[in-house]
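Subject: Structure handover

Hello,

The structure we talked about is below, with the sequence. My notes on what turned up in it follow.

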Amino acid sequence: MNGQTQRQVLLLFPEQLRERWEKAVAAAFSREEGLREIRLRAERPVLMLTGRGESFVKRDGGLTEQAERAYVLTAQELSRIVRHLCRYSLYAYEEELGQGFLSVSGGFRVGVTGEAVLGPDGMVKNIRHISSLNIRIAHQARGAGTEVLPFLYEGKTLCSTLLISPPGCGKTTLLRDLIRLVSDGSGKWPGKTVGVVDERSELAACVQGIPAHDLGLRTDVLDGCPKGPGMLMLLRSMGPEVIAADELGGPGDVVALEQVLKCGCSVLATVHGSGFEEIRKKRFLEPLFLAGAFGRYLVLGRREGRFWVEQVIDAGGSCLAAGIPC
């Protein structure tokens, strides 16, 4: 799998620039947990984030921890990379750029900063004079949810589940695999029709509407749509048994979730937080707690370079399990 991903990463760069990148990418993937991010900034050193931490790309293509030996990316080189990622048609990607990212071949998501172009409504319409890129390496951890999945069912019923996690503790990766497992089903639990609202194109990593990640054979993905309206659209149009969304963020998401739950759907969702008690204090989630919306809460953490489900908590606040690797 790493070899295929390395080849896909190299294809993100124009052919004339690949010689340097080939050595750097290979060196990054050889490290623990492989390559996670590539940070490109105009007239600044190039950084790669691996399981070991940050490293600079050297002028000869290797990696170093010494900034003075780092390769400095020119503004012209960055511009060539941007044009290549956009298939030499920036206009075609204007809408995505207005949201601050690009979804590119291979399922990678590229964050973008530069000069914001505002529309008449004051909202960001596009980004021009791009100065920074953050290439987030797409990966799918098959089996990440296998050990925790049995705790999410009561008989044949999938409990609505909220994943609680600080940044960088694998909530999107775990949610992705739980969607796949629920959708495909097993001998014990039949597969379910799952509707996914993928607002930031991270769960499915769709390219031209087609998911790059395997979210299961009964899963329908609404890509690039805000979560609140998207959940209601899926409810009306696709008849899902389960609706999944990443990163609940406000009252609009909660209102839509309440409607989904009234229609008998189970929900798989995530939220940023350090623990169960902290989440209970978030005001925008209060209606869901009062309604007993979630039957399970998964509290995620990280130990010694691995992701863990630190606690599985039921609707009453009791801990059902702890210390499950994922």
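His84 sits in helix H3, which covers residues 75-85. The model is a predicted one, and in it His84 has a relative accessible area of 19%. The cut-off for buried is under 20%, so His84 counts as buried. Leaving out residues up to four places away in sequence, His84 touches Leu11, Leu12, Phe13, Pro14 and Arg18.

Helix H2 comes next. It has twelve residues, 18-29, and at 1.5 Å a residue these should span 16 Å. The buried residues in H2 are Trp21, Ala24, Val25, Ala28 and Phe29. Viewed down the helix axis, the buried residues of H2 fall within an arc of 130 degrees, and therefore line one face of the helix.

The largest pocket holds about 1,500 Å³ of space. Its lining is made up of 46 residues, and those closest to the pocket centre are Ile137, Ala138, His139, Thr173 and Arg176. By residue class, the lining of the largest pocket has 15 nonpolar, 17 polar and 14 charged residues.

Cys326 is in the segment that follows strand S19 (319-325). Between Cys326 and Gly143 there are 183 residues of separation in sequence, but their C-alpha atoms are 7.6 Å apart in space. Neighbours within four places in sequence aside, Cys326 is in contact with Ala144, Leu174, Arg306, Phe307, Trp308 and Val309.

Ser201 is not a glycine, yet its phi is positive, at about 60 degrees. Ser201 lies in the loop between strand S13 (194-198) and strand S14 (219-223), and at 5% relative accessibility it counts as buried. Ala205 is in the loop between S13 and S14. Its phi is near 50 degrees, a positive value in a residue other than glycine. With a relative accessible area of 3%, Ala205 is buried.

Regards

Note on methods:
Residues are numbered from 1 along each chain as its sequence is written. This is a predicted model: local features need pLDDT of at least 70, side-chain atom pairs count only at pLDDT 80 or more; totals for chains, interfaces and linings use all residues. Side-chain values use heavy atoms; hydrogens and water are left out. Helices (H or I, at least four residues) and strands (E, at least two) are DSSP runs, numbered from the N terminus. The expected span of a helix is 1.5 Å times one less than its number of residues. Buried means under 20% relative accessible area, exposed over 50%, partly exposed in between (1.4 Å probe, protein chains only). The arc is that of the directions from the helix axis to the C-beta atoms. Contact means heavy atoms within 4.5 Å. On a 1 Å grid over the protein atoms alone, a cavity is a set of points where a 1.4 Å probe fits but cannot get out, and a pocket is an open set with protein on both sides within 12 Å along at least five of seven lines; lining residues have an atom within 4 Å of a point. Grid points are joined across faces, edges and corners, and a volume is the space filled by probe spheres set on the points. Ala, Val, Leu, Ile, Met, Phe, Trp, Tyr, Cys and Pro count as nonpolar, Asp, Glu, Lys and Arg as charged, and the others, Gly among them, as polar.
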